[in-house]
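Hi everyone, thanks for coming. Please have a look at the sequence and the model on the screen, and then we'll walk through it together.

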Amino acid sequence: MRLFKTPAFFEEFSNSLNGKSVVDLGCGARKFPGALGIDIMPSAEVDIVHNLDTFPYPLQSESCDAVVLNHVVEHLSSLPPVMDEIHRILRDKGRCWIATPHFTDADSWADPTHKYHFSVRSMNGFDKLFDI
């Protein structure tokens, strides 16, 4: 698995997923095109209503090629079990794209539902879990 932490990788990531199984965790109303959308709030874009702070996720192990979390991780209660679930549902060589505001961005602090504030190094501890 390759864990991408910046939007600069998004175009390459997106282009590599043609015909692949993608899960968009916390998709809200803007689901990644062609993905299976999971969110706590029901909407037209949501395929599975599920609280991402409740484990395990309602997906089979090794069931997808890619996972997208677009401005989601900053809202979750604990990142390690979320990363464990991502690792569990991804197939071998699976990919994950995470976008979150940088802690120096005013938007990181403007939303009172943000529980965490991240830097470019915040995900470094997960490299052993994902064999990066």
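Let's start with helix α2, where Leu79, Val82, Met83, Glu85, Ile86 and Ile89 are buried. Buried here means under 20% relative accessible area, exposed means over 50%, and partly exposed is in between, using a 1.4 Å probe and protein chains only. Those six cover an arc of only 155 degrees around the axis, which puts them on the same side of α2. The arc is taken from the directions that run from the helix axis to the C-beta atoms. If you wonder why spacing matters here, an α-helix has 3.6 residues a turn, so residues three or four places apart point the same way.

Before going on, a word on what we are looking at. This is a predicted model, in which local features need pLDDT of at least 70 and side-chain atom pairs count only at pLDDT 80 or more, while totals for chains, interfaces and linings use all residues. Residues are numbered from 1 along each chain as its sequence is written, and side-chain values use heavy atoms, with hydrogens and water left out.

We call something a salt bridge when a side-chain nitrogen of Lys or Arg is within 4 Å of a carboxyl oxygen of Asp or Glu. Both residues lie in helix α2, three residues apart, which is about one turn of the helix. Glu85 is buried, with a relative accessible area of 8%, and Arg88 is partly exposed, at 23%.

Now let's zoom out. How many helices and strands are there in the protein chain? There are three helices and six strands, and from the N terminus on they run β-α-β-β-β-β-α-β-α. Helices (H or I, at least four residues) and strands (E, at least two) are DSSP runs, numbered from the N terminus. Of the 132 residues in the protein chain, 39% are buried.

Next, find strand β5, residues 64–70. Six of its seven residues are buried. Strand β2, residues 22–25, runs parallel to β5 and is joined to β5 by three bridges; two strands pair if DSSP finds at least two bridges between them. For Val22, the bridge partner in β5 is Ala66. Strand β6, residues 90–99, also runs parallel to β5, with six bridges joining the two. There, Val67 has Cys96 as its bridge partner in β6. The chain gets from β5 to β6 through helix α2, residues 79–89, and this β-α-β crossover is right-handed. Right-handed means that, with the strands pointing away from the viewer, the path from the first strand over the helix to the second runs clockwise.

Arg91 pairs with Asp65, and the closest N and O atoms are 3.1 Å apart. Arg91 lies in strand β6 and Asp65 in strand β5, so the pair ties together parts that are 26 residues apart in sequence. Arg91 is partly exposed, at 35% relative accessible area.

In total the structure holds three salt bridges. Another of them joins the side chains of Lys31 and Asp47, at 2.8 Å from N to O. Lys31 is in the loop between β2 and β3 and Asp47 in the loop between β3 and β4, so this pair ties together parts that are 16 residues apart in sequence.

Now for Asp39, which lies in strand β3, residues 36–39. Leaving out residues up to four places away in sequence, Asp39 touches several others, including Gly26, Val46 and His50. Touching, or contact, means heavy atoms within 4.5 Å.

Finally, some backbone details. Most residues other than glycine have a negative phi, and most peptide bonds are trans. Against that background, the bond from Phe55 to Pro56 is cis, with omega near -5 degrees. Glu62 has a positive phi of about 50 degrees although it is not a glycine, and Glu62 counts as exposed at 55% relative accessibility. Lys93, in strand β6, has a positive phi of about 70 degrees.
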